[in-house]
Amino acid sequence: AVVSTQSTGDDINIAIRSMLESFIDTQKYSVMKNMTATFSKYLSYKKDNNELLLFILKQLAKDQMVYSRSRYGGAAGVSTVEVSAEELEDKARQINIHNLQPFYESDLFIANKFIHDKKKKNIILTL
């Protein structure tokens with residue numbers, strides 16, 4: 001393997017994406033949400049659809065957990081989080097992804113402890 005001493009635009013964009021992801025993950029929730037929206041162009045650079053959908057789904061799950069904690073006081077006894085599949089599908093359409101079935105069947109989806117319930121039209125995360 002030959003290691004180049006020059007960086008390409010691709011190298012720089014991927015480095016920017018990695019740095020932004022790391023930085024955004026360390027922020028408070030409200031700041032994280034705003035930064036994710038602001039830098040979405042850079043965060044989606046060279047990512048496949050499943051990675052993008054997983055990122056969005058994790059954000060929706062976090063939103064639901066924050067809501068549940070504030071409404072019901074704490075997370076004691078909570079073993080699952082439910083997210084509306086329709087909400088994920090709406091967000092996916094905003095980034096021009098229309099078929100989520102491959103994502104629901106992907107190893108990435110399953111490895112992150114998500115289950116798609118077609119009947120209830122929701123996605124369940126087991127904590």
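## Report on the predicted protein chain

The protein chain exposes about 8,700 Å², of which carbon and sulfur atoms supply 53%; accessible areas come from the Shrake-Rupley method with a 1.4 Å probe, and for residues only the protein chains shown count as cover. The model is predicted, so that local features need pLDDT of at least 70 and side-chain atom pairs count only at pLDDT 80 or more, while totals for chains, interfaces and linings use all residues. Residues are numbered from 1 along each chain as its sequence is written, and side-chain values use heavy atoms, with hydrogens and water left out.

Seven helices and three strands form the secondary structure of the protein chain, in the sequence order α-α-α-α-β-α-α-α-β-β. Helices (H or I, at least four residues) and strands (E, at least two) are DSSP runs, numbered from the N terminus. Of the 127 residues, 28% are buried (under 20% relative accessible area, with exposed over 50% and partly exposed in between; 1.4 Å probe, protein chains only). Among contacts (heavy atoms within 4.5 Å) between residues at least 6 apart in sequence, 60% join residues at least 24 apart.

The largest nonpolar core has 20 residues, among which L57, L88, F103, Y104 and I123 touch the most other members. Such a core is a set of buried Ala, Val, Leu, Ile, Met, Phe, Trp, Tyr and Cys residues joined through side-chain atoms within 4.5 Å.

Leaving aside residues up to four places away in sequence, L88 touches L53, I56, L57, L60, L100, F103, Y104 and I123. A second, separate core has five residues, including I24, M32, M35 and L43.

Helices α4 and α5 pack with their axes 10 Å apart and at an angle of about 135°. Axes are lines fitted to C-alpha atoms, for helices over the stretch in contact, and angles run from 0 to 180 degrees between N-to-C directions. The two helices α4 and α5 are therefore oblique to each other (angles under 35 degrees count as roughly parallel, over 145 as roughly antiparallel, 65 to 115 as roughly perpendicular and the rest as oblique).

K41 lies in helix α3, residues 40-43, and counts as exposed because its relative accessibility is 61%. Between K41 and R17, 24 residues apart in sequence, the C-alpha to C-alpha distance is 9.2 Å.
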